Amino acid sequence: MPPPRNDEGTLRPLAMTEGLRPRAGTAAVANLADGGYNRRAMEDTLSPIGVVVVSYNTAPLLRRCLASLQQCALPLRIVVVDNGSRDESAALVRREFPAVMVRERPDNPGYAAACNEGIALLAETCGAILVLNPDTEVLPGAIEAMAAFLAAHPRVGLVGPRLLNPDRTLQRAAFRFPDLISTALDLFPPGEVLPGRLYDSWWHGRYPAELGNEPFPIDYPLGACMLVRSATIAEVGGMDEGYFMYCEEVDWCRRIKQAGWAIWQTPAAQVIHVGGAATGQFRWRMQVALWQARARYMAKFASPATQRAFQILVTVGMLRLMGQAWRKYVIGQIDRDTLRSQLLAYSMILGKTGHFAAVPVAKAAR
């Protein structure tokens with residue numbers, strides 16, 4: 001049965017039980033774990049819940065992440081896929097969390113490929129899969145709140161939590177699909193080139209509803225934490241392994257929505273996210289991976305005209321950044337090695353984003 005929609009084509013929320021109404025504060029979230037949700041409905045349709053964590057040299061954060069999962073009142077099946085870490089990540093999991101399955105890879109095939117490996121191990125036996133970054137701490141009641149939301153809304157295929165910074169301030173985690181306007185705002189940051197107020201606006205893909213306490217429909221969440229219905233994965237498949245890092249969740253959510261499933265954020269679920277723990281190890285390489293991933297996304301889902309406009313924007317943006325790097329070097333703000341790494345990254349981005357061939361436009365769900 002197709003999801004109910006209003007005149008604007010937005011999914012109408014199904015009737016929510018009182019226990020699903022979000023309440024502000026971590027203590028209120030924890031109350032969900034004490035019985036503020038329909039446990040029987042959740043366990044009949046979703047239990048057990050699978051958890052996939054992809055690790056890469058993040059042992060201390062991984063320990064904290066896995067420890068936070070032990071507070072969940074629902075049965076979990078957890079797998080850690082280690083992407084060739086050089087630290088003790090895999091050994092730590094085996095030593096301190098013996099119930100957690102470990103898949104230790106000698107190489108690093110990328111985040112999407114590792115996620116898919118974990119999902120394949122769990123999807124047939126779990127009603128939903130929690131894709132979780134190792135630099136997260138799942139607060140009490142968060143998984144229960146997301147599972148309750150899926151159980152109460154059969155046409156929601158994916159739900160994300162409210163993400164918090166380590167100091168418990170709001171971290172933006174709900175976005176609209178990227179377009180030329182949001183690309184321009186990334187390349188020409190508000191406050192530098194454009195009015196600063198645009199950064200947190202609809203034009204930059206943000207949702208004002210994220211500042212409130214009610215669940216709301218979104219295009220996609222930040223991929224640090226996503227609970228995905230296994231039936232949804234069975235229909236649309238896993239992540240596109242052509243993405244090494246970045247945009248894999250954007251692509252996945254685009255395909256999920258094309259298949260007619262809805263995607264929501266529920267602020268009743270709260271998760272702390274450090275951010276950049278793995279990607280910060282290779283900053284200039286990650287910049288290249290980011291823009292290569294964005295180019296791949298545009299090549300899959302944008303019209304040829306939009307793809308050409310995207311390439312022009314990226315070209316102008318990278319040339320601007322090259323000029324900024326030279327200026328900082330001349331006035332002594334950066335050293336020669338930093339200049340070289342930045343110029344290398346920007347030139348590689350120009351090469352990789354400028355040679356993506358146009359592909360047929362993906363049909364958007366209406």
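Student: In strand β12, which residue is the bridge partner of T136?

Tutor: This is a predicted model, in which local features need pLDDT of at least 70 and side-chain atom pairs count only at pLDDT 80 or more, while totals for chains, interfaces and linings use all residues. Residues are numbered from 1 along each chain as its sequence is written, and side-chain values use heavy atoms, with hydrogens and water left out. Strands here are DSSP runs of E with at least two residues, and helices are runs of H or I with at least four, both numbered from the N terminus. Strand β5 (residues 136-138) pairs with β12 in the antiparallel sense over 3 bridges, where pairing requires that DSSP finds at least two bridges between two strands, and the partner of T136 in β12 is H273.

Student: How many of the residues of strand β12 are buried?

Tutor: Strand β6 (residues 156-164) pairs with β12 in the parallel sense over 8 bridges, and strand β9 (residues 216-217) pairs with β12 in the antiparallel sense over 2 bridges. Buried means under 20% relative accessible area, computed with a 1.4 Å probe on protein chains only. Strand β12 (residues 262-273) is largely enclosed by the rest of the structure, because its buried residues number 12 of the 12.

Student: Are helices α9 and α10 roughly parallel or roughly antiparallel to each other?

Tutor: The axes of α9 (residues 248-258) and α10 (residues 283-301), which are lines fitted to C-alpha atoms over the stretch in contact, come within 10 Å and cross at roughly 20°. Angles run from 0 to 180 degrees between N-to-C directions, and those under 35 degrees count as roughly parallel, over 145 as roughly antiparallel. The two helices, α9 and α10, are therefore roughly parallel.

Terms used: Angles under 35 degrees count as roughly parallel, over 145 as roughly antiparallel, 65 to 115 as roughly perpendicular and the rest as oblique. Buried means under 20% relative accessible area, exposed over 50%, partly exposed in between (1.4 Å probe, protein chains only).
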